[in-house]
Amino acid sequence: MKLSLSPRLEELFAAQIAGRELKDLANEVVRLSDFYLAQHGARTPWSEPHVWRAYCAYFLPLNVVRMRAALREVKRFLPLEQISEIWDFGSGIGATHWALEQEDWMAPRGLICQEIDREAIRLHGSLSEKFGGRWRPEWNAQRAVRPGALGVFSFSFLEMQNNLPKLADFSHLLFVEPSFRDVGRMLMEWRQRLMDTAKYTPLAPCTHSQACPLLAQSSRDWCHMRVFYESSKQWQKLEALLPMKNRTLTYSYLLMSRDVKDVKFRGTTRVIGDTLQEKGKARQMICRGPSREFLAWLKRDGEPPFIPHGALITDLGHCETKSNELRPFGTPKWEES
């Protein structure tokens, strides 16, 4: 799946850094990146000018694209009429909001942004006023959560561990986080906790409600997805000056519901890994139940099919089973996100 920002959003974000030298912006991006890497879960220091510029120039486009990908999964697994409103916790300057502005299939409804940083609220509000758009965010509502509400944690769940809202108030929950191992495994642990204590059902990326095989059978694996980012030429010029490259974006996510029990995709197989070239064969990690499994193709049989990371395999076809490997005799049938 390839995703991008709309030209209108690109113009909005670019206007915030107008006149800034690319080399100076690149230094500020590296500085903010170092902060995030050194302090997983720390609050973004929005009041510092270099943070605002670096975030708008580089990180906000990436996070909006990741949120767009996650929202496509919401569309696939949650009937839209069952979502009454959206609460965005730790909303920052609106990655969820800007992703929603680009997803025309989601008709506007209540968008409640819960954010404690006054500067982030001011910056988000300023951007929203300039953009116009279909959605009208409301900040820090002090009222009861409506039945059918979707609670969203967009790159904020880790930093809110000591100040979480009452999760059980929400009919549906969506968590989107960076694809770090510790963060991904934390979401896998929360999946089981929400199933056990609050009767939630995992809808995505899981295709089953059994124990997570990556958590139960491995100490290193974690679940994450990948999306291709079609970036602007200006963004590419900035990236060329940076030590990190993000032409494809990875992220970890989890979609849970108390009201919806997925039926259509139960029994399918989720591809949760890239194709790995190993001695004599190629392997790709999959998930369809409590066992840690791989698709495998022997190199002597020719090139393996390209199955996108995150795809749902609806028909594996006939396979030979060898230990934790499924070796298809034909080409599996799949649906992309």
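Cavities, a pocket and buried contacts

The structure has two cavities of 30 Å³ or more. A cavity here is a set of points on a 1 Å grid over the protein atoms alone where a 1.4 Å probe fits but cannot get out. Grid points are joined across faces, edges and corners, and a volume is the space filled by probe spheres set on the points. This is a predicted model, in which local features need pLDDT of at least 70 and side-chain atom pairs count only at pLDDT 80 or more, while totals for chains, interfaces and linings use all residues. Residues are numbered from 1 along each chain as its sequence is written, and side-chain values use heavy atoms, with hydrogens and water left out.

The largest cavity has a volume of about 180 Å³. Its lining holds 17 residues, and those closest to its centre are Met 188, Pro 205, Cys 206, Cys 212 and Cys 223; a lining residue has an atom within 4 Å of a point. At least two lining residues each come from α6 (181–198), α7 and β9 (248–257), and α6 provides the largest share, four residues. Helices (H or I, at least four residues) and strands (E, at least two) are DSSP runs, numbered from the N terminus. By class, this lining has twelve nonpolar, three polar and two charged residues. Ala, Val, Leu, Ile, Met, Phe, Trp, Tyr, Cys and Pro count as nonpolar, Asp, Glu, Lys and Arg as charged, and the others, Gly among them, as polar.

Pro 205 belongs to the loop between β7 and α7. A cis peptide bond, with omega about 0°, joins Ala 204 to Pro 205. Most residues other than glycine have a negative phi, and most peptide bonds are trans.

The cysteines come next. With a disulfide taken as a pair of cysteine sulfur atoms within 2.5 Å, the count is zero. Cys 223 is in no disulfide, and the nearest cysteine sulfur, that of Cys 206, is 6.6 Å away. Cys 287 is likewise in no disulfide, its nearest cysteine sulfur being that of Cys 212, 6.3 Å away. Cys 223 is buried at 15% relative accessibility, and Cys 287 is buried at 12%. Buried means under 20% relative accessible area, exposed over 50%, and partly exposed in between (1.4 Å probe, protein chains only).

Cys 287 is also among the residues that touch His 208. His 208 lies in the loop between β7 (201–204) and α7 (213–216) and is buried, with a relative accessible area of 4%. A polar atom of the His 208 side chain is 3.3 Å from the backbone oxygen of Gly 289. A polar contact is a pair of N or O atoms within 3.5 Å; within protein, one must be able to donate a hydrogen and the other to accept it, and residues adjacent in sequence count only if both atoms are side-chain atoms. Not counting residues up to four places away in sequence, His 208 touches Arg 191, Pro 202, Pro 213, Arg 266, Cys 287, Arg 288, Gly 289 and Pro 290, where contact means heavy atoms within 4.5 Å.

Pro 213 lies in helix α7 and is buried, with a relative accessible area of 1%. Pro 213 and Arg 292 are 79 residues apart in sequence, with 5.1 Å between their C-alpha atoms.

Ser 218 is placed in the loop between α7 and β8 (225–229). Ser 218 is buried at a relative accessible area of 15%. Its side chain has a polar atom 3.1 Å from the backbone nitrogen of Arg 220 and reaches the backbone nitrogen of Asp 221 at 3.0 Å. Leaving aside neighbours within four places in sequence, Ser 218 is in contact with Arg 185, Pro 213 and Arg 292.

The largest pocket has a volume of about 1,200 Å³. A pocket is an open set of points with protein on both sides within 12 Å along at least five of seven lines. Its lining has 50 residues, with Tyr 36, Phe 155, Ser 156, Glu 159 and Pro 178 nearest the centre. The helix α3 gives the most to this lining, six residues. The lining comprises 24 nonpolar, 20 polar and six charged residues. Phe 155 sits in the loop between β5 and β6 (172–177), is buried at 18% relative accessibility, and has a positive phi of about 60° although it is not a glycine.
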